[in-house]
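Subject: Model handover

Hello,

My notes follow below it.

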Amino acid sequence: MKAAYVFDVDGTLTPSRQLITDEFRDFFMQFALEHDVYLISGSDYVKTVEQLGEVIVNDLVLRSYNCSGNSIWEKGVEIYANDWVLPDAGKNHLTDRLLGSKCPTKTSNHFEYRPGTVNFSTVGRNANTEQRAEYVKFDNETGERKSIVESFNTYFGIRLNCVAHIGGETGIDITQVGHDKRQLLLPPHGYPQDIFENTHIHFFGDKTEAGGNDWPLAQAISSNDCGTVYQVAGWRDTMDQLQTLT
């Protein structure tokens, strides 16, 4: 049986929202030359290229599943894109939570629209590194994102047929039900996924626990008994586990 190595990006291959380190880039490029490597990220393609570089994303990786699989790229060409947009009722609910948030700092760009998904952040995606760290501390103490995810899914999961997951350090990813990272295996859009037939998938992610945006794919892999899931605590942990594995 062949093997495929699938990686989340933020918090798995790079520090969240930052560039891949020189040390890990050299290791990962060599790894991708020797193995079948795929990416699956909540971020869009442009951000993934910015973080990892064109050589890794376009030349070494076999396929990049961006926006949780709602935008699929091969060798720099987008081969699938989902045109779903978050309904107004869902956006209004999140706006209310934004206005009521006790987040210590609010910047701007609280909603980022990507193919088939929306990323929501109370601190805002324009936050700098210090402001992001401040929010991470606040979120760990208050559980704000967990609360927002639970309320959104309770009120709008069935009504709007969409679901929210915690993603990255400061954001929340919202997609249609089934249009999350599990699309790598179970594509509701019908895009052919036969590349993973008779394949043992090694999936590495930092949010594989319930409520995280890696969880749907982790569940799908476990339910279909088609691979192994590796929870990681950053890029160095990913490198250490890969070295042990291979």
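In this predicted model, Phe-7 stands opposite Leu-39 in strand E2. Three bridges join strand E1 (residues 2-7) to E2 (residues 37-40), and the two run parallel. Strands pair here if DSSP finds at least two bridges between them. Helices (H or I, at least four residues) and strands (E, at least two) are DSSP runs, numbered from the N terminus.

The chain goes from E1 through H1 to E2, a right-handed β-α-β crossover. Right-handed means that, with the strands pointing away from the viewer, the path from the first strand over the helix to the second runs clockwise.

E1 also pairs with strand E10 (residues 199-205): six bridges, parallel. There, Phe-7 stands opposite Phe-204.

Next, the helix packing. H1 (residues 22-34) packs on H8 (residues 235-245) at about 40°, axes 11 Å apart. Axes are lines fitted to C-alpha atoms, for helices over the stretch in contact; angles run from 0 to 180 degrees between N-to-C directions. H1 contributes Glu-23, Phe-24, Phe-27 and Phe-31 to the contact (heavy atoms within 4.5 Å). H8 brings Trp-235, Arg-236, Thr-238, Met-239, Leu-242 and Gln-243.

Confidence: the chain averages a pLDDT of 93, and 97% of the residues score at least 70. pLDDT is the predictor's confidence in each residue, from 0 to 100.

Conventions: residues are numbered from 1 along each chain as its sequence is written, and side-chain values use heavy atoms, without hydrogens and water. Local features need pLDDT of at least 70, side-chain atom pairs count only at pLDDT 80 or more, and totals for chains, interfaces and linings use all residues.

Best wishes
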